[in-house]
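I wanted to go from the whole chain down to a single residue.

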Amino acid sequence: MKHRLLILLSVLGATTLCAQENDSVVIRRIVEFALTRSSCYEILRGLTECCPHRLSGSDGADRAVNYMRDVMLQMGFDSVWLQPCYVPYWVRGEKEQCTLFYNGRQEALAVMALGNSAGTGSLGLEAPVIEVKNFRHLDSLGKKHINGKIVFYNYPFQDAFINQFQAYADAVAYRWAGASRAARYGAVAVLVRSMTSARDNHPHTGSMAYNDSFPRIPALALSTLAADRLSDVLRRHPQARLYIRNTSRMMADSVLSYNVIGELRGTVYPDRFILVGGHLDAWDAGHGAHDDGAGCVQTIEVLNTFKKLNLRPRHTLRVVLFMNEENGLRGALTYAAEARRKNEIHVFALESDAGGFVPRGFRIGGDSILIDKIFSWKKLFEPYYVHVWNRGGSGGADIAPLRGHCPVLAGFLPDSQRYFNHHHADTDTFDQVNKRELELGAGVITALVYLVDKYF
């Protein structure tokens, strides 16, 4: 009996090894296709040229919906459709102004209104400015020192963090909640150091939110060089004043927009879905090339690769380009609500929303047994230097609402070192995307989806 068991284990081991060898051959075909025949780079070129400014509710977002729907139709997916969702519509208005006055001098500083910010009004406002290092510092100053002033949050990315997303997570609260925290003590506006480690004169916008218990005061981002300059002046001239002007406003009513969805139907489990996607909307500062045009074209390429290589999926593969990730998540919330209403079975979801840089790995959260299965495939990705496999998390903002409905949520992890040089800034343009890195990412994502489809 013991002898038979050893033989059986040997056969099973050989079978597993053979399967992995076969998988490595298919993955090699997938990656070679991505690097030699992929269309994702040219699709991204077209998206950024046709629809460079795609903030939800805008004409650019509408054009992007039509452009990406047409791309999917031309690729010959089994079905393509638009999923309606109502989104907020924030308008930046005229170019923002910021002038620093000190010691009889004046200097212009590079600023940009944060997304969802209220405006100053057409006349702008002038007030003394006070530098705040963090929220504890703000609270210690209190109303006595804050009332009637512009609060300048000078909290930089912490250089000790190797992963730049950790630095972003550490600093972003000042952008998101800084206005209301300062308004509590009577501040008339806030300036926030941009969310980047880059030293340049390009301010970075991004979403902020108000606590309606306090006045809605204007909130603007300073470029890192402008922040350093303002801090230096305030050390020598604490009585310095600022004039700021922005005409941003949130339109009263939500407007109709769409998620863009395409499918390849499964041959074995047509009613079980593997979802891949990114978000189609982008801030109006740049062209949304890395954030998140790259994720959109990479995940479209997953389905295109399956189709072109005649890899007939067992499950239905669905790509979703979500609308309104940047300032509301309305597309993601609508999609998750509809998936639950229809009792759709999602077995896996992956989001690409970290730029089109060289692939490093994946972050995977959910069912521990299924995660163990995915982690057993790590060796298959070693030839492509994809070595970072992290457990936990919700995969990304747009698939997070599927938590509890989908057993595994994954996020694609490109190298993070340069992402925040461009994130939400006017430098997020097509020329900043490396063709080979973008395509290699598409191939690696497709390879993971191939394995999930085969073994789930």
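The entries below follow the order in which I looked things up.

**Entry 1: the whole chain**

I noted at the outset that this is a predicted model. I looked up the secondary structure and found that it comes to 13 helices and 18 strands. For the overall dimensions, I read that the C-alpha atoms fill a box of roughly 90 × 45 × 40 Å along the principal axes. I then checked the radius of gyration, which is 24 Å, and this agrees with the value near 23 Å that a compact globule of 456 residues would have. Buried residues make up 58% of the 456 residues in the chain. Among contacts with a separation of 6 or more, 82% are between residues 24 or more positions apart.

**Entry 2: helix H6**

Which residues of helix H6 (residues 173-183) are buried? I listed Tyr-174, Arg-175, Gly-178, Ala-179, Ser-180, Ala-182 and Ala-183. I reminded myself that an α-helix has 3.6 residues a turn, so residues three or four places apart point the same way. The buried residues of H6 pack against several elements, including helix H4 (135-146), strand E7 (150-153) and strand E8 (189-193).

**Entry 3: strand E18**

I turned to strand E18 (residues 408-414), where 7 of its 7 residues are buried. In a regular strand the side chains alternate between the two faces of the sheet. In E18 both faces are covered, with Val-408, Ala-410, Phe-412 and Pro-414 on one side and Leu-409, Gly-411 and Leu-413 on the other. I found that strand E15 (residues 345-351) pairs with E18 in the parallel sense over 3 bridges, whereas strand E16 (residues 359-366) pairs with E18 in the antiparallel sense over 7 bridges. Ala-349 has Leu-409 as its bridge partner in E18, and Ile-364 stands opposite Ala-410.

**Entry 4: the nonpolar cores**

The largest nonpolar core has 71 residues, and those with the most contacts inside it are Leu-280, Phe-348, Phe-362 and Phe-381. Helix H13 (residues 435-455) gives the largest share of this core, 11 residues. Apart from this core lies another, of 32 residues, among them Phe-135, Ala-179, Met-195 and Ile-217. I also followed Phe-348, whose contacts beyond four places in sequence include Val-408, Ala-410, Leu-448 and Val-452.

**Entry 5: Ser-352**

Is Ser-352 buried or exposed? Ser-352 lies in the loop between E15 and E16, and its relative accessibility is 1%, so Ser-352 counts as buried. Beyond four places in sequence, I found that Ser-352 touches residues including Gly-277, Asp-292, Phe-412 and Ile-445. A polar contact of 2.8 Å joins the side chains of Ser-352 and Gln-298. Lastly, I noted that Ser-352 and Leu-413 are 61 residues apart along the chain, while their C-alpha atoms are separated by 7.8 Å.

Definitions and conventions:
Residues numbered from 1 in each chain as written. Predicted model: local features only at pLDDT ≥ 70, side-chain atom pairs only at ≥ 80, totals over all residues. Heavy atoms only, no water. Buried < 20%, exposed > 50% of the residue type's maximum accessible area, 1.4 Å probe, protein only. Helix = DSSP H or I, 4+ residues; strand = E, 2+ residues; numbered from the N terminus. Contact = heavy atoms within 4.5 Å. Pairing = 2+ DSSP bridges. Core = buried A, V, L, I, M, F, W, Y, C linked by side-chain atoms within 4.5 Å. Polar contact = N/O pair within 3.5 Å; in protein donor to acceptor, adjacent residues only side chain to side chain. Rg over C-alpha atoms; globule rule 2.2 N^0.38 Å.
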